[in-house]
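Please examine the sequence and the three-dimensional structure shown below. The briefing that follows describes selected features, grouped by topic.

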Amino acid sequence: MARTLRLFDDGGRHPLVLFHEASVPSAVFGAIRKALSSHQRLLLPARVDFPPGPPAAMGPGARPPGGLMTTHNRTGWGYYHMLQFFAFDVFHHSALSDAEYVMRIDSDATIDARRPDLFAMVRLRGAAYRTPVGNADCGDIVEGLPGLAYAAAEIYGLEARVKRLVYRKACRPGTLCVDRGKLCVLGFYNNLEVVRVADFIAPPPAAATFASAVQRSLGIYRHRWGDAIIRRLMLALMGTSV
């Protein structure tokens, strides 16, 4: 993180908000502050109070879809709460109450070369979103999600915006391809992203309908729907500049 901050050429004008689970000891934030103390930038710890188990609506016996060992060797429900948080809840966190844009940098994301002030760049272009590259999720972890996006789009005549993001996985003959023929949804690599906050606090009707449907369905917890594909579907339904 320290190296990434050195390469982000904003002159230290923007504060660094450190989102972390509320259960993490204060000493951890102290260590982070010390490691970043040489940077002329305001550091704002922002704790997030994730519950220890699943949402109450899933019942006391619910288990993560991947079992106790989940994606990337993470365990328990924390990863799913993180997906919910970065898909929707982060934009309503008090730490971002006066933010026009937010740049997300996950702990496993880095900037490897000097970059201009991305906030100034997206503001100049009037863009709602910027990210370096796209990605896709396929198979069981997208089950049911395209249907919710289509349903929201159909109400407002926006089906074409969703259709271009959904496809069946095709593989070259003779290659090992575990997702062959499975349904896939395009997303953005959002471990590093710049987002205009207002667009997600009060999204247009189609995107708002989709967001509500996703959260009511608990699909993030039932299927491990990723915040990356949710983000791209939301932006498509908004029709905003990326």
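**Sheet, helices and a pocket**

Strand β5 and strand β7 (residues 183–188) run antiparallel and are joined by five bridges. The model is a predicted one, in which local features need pLDDT of at least 70 and side-chain atom pairs count only at pLDDT 80 or more, whereas totals for chains, interfaces and linings use all residues. Residues are numbered from 1 along each chain as its sequence is written, and side-chain values use heavy atoms, with hydrogens and water left out.

**The open sheet**

- An open sheet is formed by three strands in the order β5-β7-β6, with antiparallel pairing; two strands pair if DSSP finds at least two bridges between them.
- The edge strands, each of which pairs on one side only, are β5 (134–138) and β6 (166–168).
- On average, and with direction ignored, neighbouring strands of this sheet are turned by 35° against each other.
- Strands (E, at least two residues) and helices (H or I, at least four residues) are DSSP runs, numbered from the N terminus.
- In β7, G187 stands opposite N135.
- Helix α10 (residues 227–238) packs on the sheet and touches β5 and β7; contact means heavy atoms within 4.5 Å.
- The direction of α10 makes about 80° with that of β7. Such axes are lines fitted to C-alpha atoms, for helices over the stretch in contact, and angles run from 0 to 180 degrees between N-to-C directions.

**Residue L186**

- L186 has its place in strand β7.
- Why does L186 count as partly exposed? The reason is its relative accessibility of 25%, since buried means under 20% relative accessible area, exposed over 50%, and partly exposed in between (1.4 Å probe, protein chains only).
- Not counting residues up to four places away in sequence, L186 touches N135, A136, R164, L165, Y167, I229 and R232.
- From C-alpha to C-alpha, L186 and L233 are 8.3 Å apart in space, and they are 47 residues apart in sequence.

**Helix α3**

- Helix α3 (residues 78–87) is mostly covered, with nine of its 10 residues buried.
- Among the buried residues of α3 are Y79, H81, M82 and F86.
- The buried residues of α3 pack against β1 (16–21), β2 (43–48), β3 (101–105), α8 (205–217), α9 (219–223) and α10.

**Two loop residues with positive phi**

- L218 lies in the loop between α8 and α9, and its phi is near 60°, a positive value in a residue other than glycine.
- L218 is buried because its relative accessible area is 13%.
- R224 is placed in the loop between α9 and α10, and its phi, near 65°, is a positive value in a residue other than glycine.
- R224 is buried because its relative accessible area is 11%.

**The second largest pocket**

- The second largest pocket holds about 280 Å³ of space. On a 1 Å grid over the protein atoms alone, a pocket is an open set of points where a 1.4 Å probe fits, with protein on both sides within 12 Å along at least five of seven lines, and lining residues have an atom within 4 Å of a point.
- Of the 13 residues that line the second largest pocket, R115, L118, T131, P132 and L192 are the closest to its centre.
- The elements that give two or more residues to this lining are α4 (118–125) and β8 (192–196), and β8 gives the most, with three residues.

Key. Grid points are joined across faces, edges and corners, and a volume is the space filled by probe spheres set on the points.
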